[in-house]
Amino acid sequence: MDRDQVLQLHIPEPKHRPGELADFSHLRLPLAGEIRRPPIAASAYEIRDLAYELIRVLDDEDRAVGPWAQPLEPAFLLRGLRAMMLTRAYDERMFRAQRQGKTSFYMKCTGEEAVAVAQACAFECGDMFFPTYRQQGLLIARDWPILDMMCQVYSNSADRLKGRQMPVFYSSREAGFFSISGNLGTQFSQAVGWAMASAYRHDRHIASAWIGDGATAEPDFHYALTLAAVYHAPVVLNVVNNQWAISCYQGMAGGDESTFASRGIGYGVPALRVDGNDFLAVYAATRWAAERARSNLGPTLIEHFTYRAAAHSTSDDPGRYRPQDESAKWPLGDPIERLKRHLVAIGAWSDAQHAALVAELDETVRETGRRAEALGTLNAGPLPDPASMFEDVYKEMQPHLKRQRREAGLEPGGTPRPAEGA
Amino acid sequence: MAAMNMVQALNSAMDVMLGRDPDVLIFGEDVGYFGGVFRVTDGLQKKYGRERVFDTPITEGGIVALAVGMGAYGLRPIVEIQFADYIYPAMDQLISEAARLRYRSGAEWFAPMTVRAPCGGGIFGGQTHSQSPEALFTHVSGLKTVIPSNPYDAKGLLISAIEDDDPVVFLEPKRLYNGPFGGRPDQPAKSWAGHPDAEVPLEHYRVPLGKANIVRAGQAATVLAYGTMVHVALAAVAECGIDAEVIDLRTLSPVDVETIAASVDKTGRCVIVHEATRFSGYGGELCALVQEHCFYRLEAPIERVAGWDTPYPHAFEWQYFPGPDRVVQALRRVVEA
C-alpha cells in the first residue's frame with residue numbers, strides 16, 4: 001500500500017452529457033432466447049445468474065424465440081398492442097392539454113408502455129396493483145375508461161378524487177389500482193402488506209408493486225424485500241429501470257455497482273432482469289413470477305430494463321442533462337414498434353391496419369377529450385364543490401373542520417365568519 | 001370486573017377485539033411468542049395463533065407500511081412500536097400514507113389501523129426511551145391521537161381506537177403501566193391495586209374518542225393534563241390545597257374543546273401540563289384554544305408546565321420531569337395573579 005495514498009471521493013457521473021453523442025455500446029445485451037427459463041420453485045440462489053442477464057423474447061427478425069416465448073393467441077397480443085397504443089395516444093393528448101394550460105402537470109410513459117401493459121395482461125382480475133406514477137398503462141390495459149383518467153388530470157367536476165390530487169395520481173379501487181403517492185417508494189412495502197392480508201384470508205389474489213430505479217434507494221424498497229422474503233408474501237415487486245430519475249442517471253441509485261435485480265438475491269428473493277421494451281419478455285417474466293406467488297412460493301423481484309424516452313414530466317427538460325440523441329440510440333427499441341413488427345411477421349397484422357388503428361385511437365382520445373373538457377378543466381372549470389375539501393380527512397367530519405368550513409364561507413347556506421379556533 | 005393494571009387492561013382490550021373480529025391482527029417487534037417487552041401482548045399469540053399475533057423484524061417503517069396495505073385489503077391491524085422514540089422511521093408511512101389515504105383516494109381506501117407505542121419518561125430510559133412525541137401526530141390532519149391515564153380508560157379507549165376507521169396513534173405512558181405516579185420518585189412506587197380506575201370490565205366496552213374526563217371537580221383553576229401528568233396534577237392539587245379542576249384530555253385529537261372551555265369559563269384560570277417539551281408543544285395549541293374560547297373569562301395569564309426544551313437526559317431525569325412542585329408553582333401563579 002502506498003503510504004502517501006490519500007482518499008478519493010467518488011461521485012458517479014453518466015457516460016455522456018448534452019453536447020456529446022450518446023453511446024450504449026458498453027451495455028451487454030444477451031440475444032433473444034438465450035436465457036434459460038427455470039422452474040418456478042427455484043430459489044434466489046439457484047437462479048442468481050438471471051439477475052445479471054436480460055431476458056429477451058423478440059429477436060432481430062421479430063420472431064418470438066427461446067424458452068420464455070409462450071404460445072399466445074394473436075388476438076391477445078393485439079389487445080396488448082392496442083392498450084399500448086392507446087396509452088401513447090392518451091399521453092400525447094394530455095401532454096398537449098397541459099401545454100395549453102388546461103391542467104397543471106402531466107407525466108408521459110413514452111417508451112415504457114410494455115412494462116405496465118404487458119404486466120396488466122399477465123395478472124388476473126382481482127390481483128392488486130400498487131403502482132408509481134408512470135404505470136397509467138395498467139389502468140388502460142384493464143379497460144379503465146380514459147374519460148375517468150382525464151377527469152382526474154383536469155381535477156374537474158367529475159373527478160372522483162374531488163380535485164385533491166395532482167394530475168396522474170390516479171386511484172381506482174374497482175380496477176385494483178391503489179391510490180398513487182408522491183412520496184416515492186411507500187407503495188412498495190404496502191403491497192407486501194396487502195399480499196400478506198390476502199394470504200391471511202386464504203384468498204387467491206396476489207399483489208404487485210412498481211418502483212423506479214431512483215426510488216430503490218428509499219427505505220421502503222428494503223422494507224418490502226425484507227418483509228416479502230420473511231413472510232413469503234405473494235407479491236411481484238418490479239423495478240422499472242428507465243435509466244433516469246429526473247436528471248440523475250441510474251448509477252446515482254447504485255445501478256453502476258450492480259443490477260437492480262441483483263438486490264433481490266441478498267434477501268433471498270428470486271430476481272429476473274428483463275428487456276422492458278419487449279412485450280413478450282415482460283409478459284413471460286411476469287407470468288412466471290405471478291405463478292410463483294399464487295403457488296405459495298413467495299415474492300419475485302423483476303427489473304425492467306427500459307428507457308424513459310420523454311421528459312420526466314411537463315416541468316422537466318431532459319436536454320439539460322442528457323445527450324439529445326440518447327433516446328434515439330436506445331438499443332432496445334420501442335415497445336410498440338417491436339410488438340407491431342412481430343404481429344406483422346406472424347401474419348396477424350399489417351402496416352395498413354396499424355395506421356388505421358393509430359387514427360382510430362387518436363380519434364377516440366380526441367372525442368373523449370372533448371367530453372372530459374365539457375366536464376371541466378383546471379383552468380376553466382367547472383371544478384368539484386370546494387366545500388368537499390373538508391370531507392374525507394376523517395370518516396366523520398371533526399368539529400374543528402366543520403368550523404373551518406364555515407369560516408371559509410363554504411358551508412351550504414352559510415356566510416363567512418371571523419377567524420375562530422379549533 | 002377484575003382488578004387490572006394498565007398492561008393487563010390493554011391486553012384485555014386486544015384479547016376482546018381478537019375474539020370479536022377476525023380482521024384484527026397484531027404485529028410488531030417482540031409482540032408474538034414473547035408477548036412484548038412490556039408484556040402488553042402476553043399470551044395473545046398462544047390464544048389466537050401465529051397468523052394473528054406475530055413478530056416482525058426491526059422495521060418501524062415497514063410495520064406501518066404493512067398495516068396500510070392490510071387496511072387497504074380490509075383488515076384492521078394493531079401494530080406496536082416498541083417505544084414511541086422509535087416511531088420516526090415510520091413517519092412517512094403515518095403522515096403521507098395512513099393519514100392521507102382516505103382523503104387522497106376520494107374515500108376509496110382508508111387505514112383503519114391502531115399504532116400503539118409506549119411513551120414518556122420516569123424509567124431512566126434516556127433520550128431514546130422517554131420521549132413524548134404526541135404533538136408530531138396532533139399536527140397531522142387525518143390522524144387521531146390518544147393517551148390514556150388509567151386502566152379503565154386504557155381498555156375502553158383502545159377498543160374505540162381499534163374499531164375506529166381512521167388511523168389512531170395510541171400512546172401509552174409507560175410509567176403508568178404498573179401503577180399511578182404522582183411525580184415523586186423518592187416515594188414508594190404505587191401499584192394500581194385498589195385504585196377505582198383499575199376495576200376493569202372483562203368484556204367489551206368503549207370509552208369514546210374525543211371526550212375528556214373531569215377527574216377532579218374544582219372552582220379555583222383548571223388544569224389540563226393527559227397521561228402521566230394527570231396523576232402529577234392530582235398530586236400537586238392535593239399538596240397545595242388549591243381547589244383546581246383537573247381535566248384528563250384522554251384524546252388529544254380530536255380534542256374535547258367543549259369540556260375545556262366550560263371549565264375555564266367557570267374558573268377563569270388555566271394551567272396546562274405535559275411531559276413533552278414545551279416549545280411548539282401540544283400545550284401551545286391548548287393555550288391558543290383556551291384564549292380563543294375563553295379570553296374574556298380569563299383572570300390570569302395561562303401557565304404551561306412542560307418538559308424542558310432539551311433531549312431527555314438520563315442522569316437528570318427528575319430535574320427534567322415536570323413534577324408536582326412545578327405544577328404547584330404554576331397553580332399559585334394563576335390563582336395569585
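**From a pair of strands to an interface**

In this predicted model, strand β2 (residues 207-212) of chain A and strand β3 (residues 235-241) of chain A run parallel and are joined over six bridges. To get from β2(A) to β3(A), the chain passes through helix α6 (residues 219-230) of chain A, in a β-α-β crossover that is right-handed.

On its other pairing, β3(A) meets β7(A), again in the parallel sense and over six bridges, with Leu237(A) standing opposite Leu301(A) of β7(A). How much of β3(A) is covered? Seven of its seven residues are buried. In a regular strand, side chains alternate between the two faces of the sheet. Accordingly, Val235(A), Leu237(A), Val239(A) and Asn241(A) point one way from β3(A), while Val236(A), Asn238(A) and Val240(A) point the other way, and all of these residues are buried.

These pairings belong to an open sheet of five strands in chain A, whose order is β1-β2-β3-β7-β6 and whose pairing is parallel. Because β1 (128-130) and β6 (271-275) of chain A each have a single partner strand, they stand at the edges, and one side of each is left without a neighbour in the sheet. From one strand to the next, the twist averages 20°. Helix α5 (residues 186-200) of chain A packs on this sheet, where it touches β1, β2, β3 and β7 (300-305) of chain A, and the direction of α5(A) makes about 170° with that of β2(A).

The other part of the picture is the contact between the chains, in which 52 residues of chain B touch 43 residues of chain A. The size of an interface is often given as the accessible area lost when the parts come together. Within the area that chain B buries against chain A, Tyr73(B), Tyr103(B) and Arg104(B) supply 21%, more than any other three residues.

Which charged contacts cross the interface of chain B and chain A? Four salt bridges are found there, and a salt bridge also describes how the side chains of Glu258(B) and Arg403(A) meet, at 4.0 Å from N to O.

Methods: Residues numbered from 1 in each chain as written. Chains lettered and ligands numbered in written order. Predicted model: local features only at pLDDT ≥ 70, side-chain atom pairs only at ≥ 80, totals over all residues. Heavy atoms only, no water. Pairing = 2+ DSSP bridges. Helix = DSSP H or I, 4+ residues; strand = E, 2+ residues; numbered from the N terminus. Axes fitted to C-alpha atoms, helices over the stretch in contact; angles between N-to-C directions. Contact = heavy atoms within 4.5 Å. Buried < 20%, exposed > 50% of the residue type's maximum accessible area, 1.4 Å probe, protein only. Right-handed = clockwise from strand over helix to strand, strands pointing away. Buried area = accessible area lost by both parts, 1.4 Å probe.
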